[in-house]
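Please keep the sequence and the model in view while reading.

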Amino acid sequence: MTADQVDPVEDATARLFLAIGRLSRLLRRTGSPGLGPGAVSALATLTRCGPMRLGDLAAKEGVAPPTLSRIVAALVEAGYVKRDPDPQDGRAWLATPTPEGETMVSGVRSARVRELQRRIEELTPEHRDALLDALPALEVLVGEVS
């Protein structure tokens with residue numbers, strides 16, 4: 001392959017990376033008043049997975065424990081998360097979503113899903129079908145199905 005030829009898979013990979021990143025940023029700006037994307041993500045993980053130790057939550061979120069400690073502290077202060085003693089280890093604590101936190105995640109998801117649906121509905125039927133046909137492959141890429 002010469003310098004002016006582009007590998008089609010490499011080109012598609014770069015385009016997909018950019019498109020997913022842009023779409024993610026667009027959707028993150030929808031429906032999360034006052035909370036940054038890291039806080040919304042951590043809160044959503046706690047809501048989905050249940051109470052977790054800080055280190056486990058940091059690992060699941062892919063961030064450093066000190067960063068997550070600041071995020072959780074802000075969520076506690078906002079009333080979206082509470083700290084409960086870890087029944088397995090009295091020295092440790094579990095981050096647990098409050099009912100307000102669960103409501104916040106539900107509202108953010110709803111707003112983001114509505115925005116994504118609105119954008120999908122604006123696509124041509126051909127683009128919409130192509131997107132739906134790509135869903136199984138995307139789910140495999142993110143490890144949701146095998």
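How much space lies in the largest pocket? In this predicted model, the largest pocket holds about 1,400 Å³. Its lining consists of 32 residues, and those nearest the centre of the pocket are I20, L23, S24, L27 and L116. Sorted by class, the lining has 21 nonpolar residues, eight charged residues and three polar residues.

The sheet comes next. It is open and is formed by three strands, in the order β1-β3-β2, with antiparallel pairing. At the edges are β1 (52-53) and β2 (81-86), each of which pairs on one side only. Helix α2 packs on this sheet and touches β1, β2 and β3, and its direction makes about 100° with that of β3.

Between β1 and β3 (residues 89-97), the antiparallel pairing runs over two bridges. R53 has L94 in β3 as its bridge partner.

Strand β3 also contains T96. Is T96 buried or exposed? T96 has a relative accessible area of 11%, and because the cut-off for buried is under 20%, T96 counts as buried. Leaving aside residues up to four places away in sequence, T96 touches P51, Y80, V81, K82 and D84.

Conventions:
Residues are numbered from 1 along each chain as its sequence is written. This is a predicted model: local features need pLDDT of at least 70, side-chain atom pairs count only at pLDDT 80 or more; totals for chains, interfaces and linings use all residues. Side-chain values use heavy atoms; hydrogens and water are left out. On a 1 Å grid over the protein atoms alone, a cavity is a set of points where a 1.4 Å probe fits but cannot get out, and a pocket is an open set with protein on both sides within 12 Å along at least five of seven lines; lining residues have an atom within 4 Å of a point. Grid points are joined across faces, edges and corners, and a volume is the space filled by probe spheres set on the points. Ala, Val, Leu, Ile, Met, Phe, Trp, Tyr, Cys and Pro count as nonpolar, Asp, Glu, Lys and Arg as charged, and the others, Gly among them, as polar. Two strands pair if DSSP finds at least two bridges between them. Helices (H or I, at least four residues) and strands (E, at least two) are DSSP runs, numbered from the N terminus. Contact means heavy atoms within 4.5 Å. Axes are lines fitted to C-alpha atoms, for helices over the stretch in contact, and angles run from 0 to 180 degrees between N-to-C directions. Buried means under 20% relative accessible area, exposed over 50%, partly exposed in between (1.4 Å probe, protein chains only).
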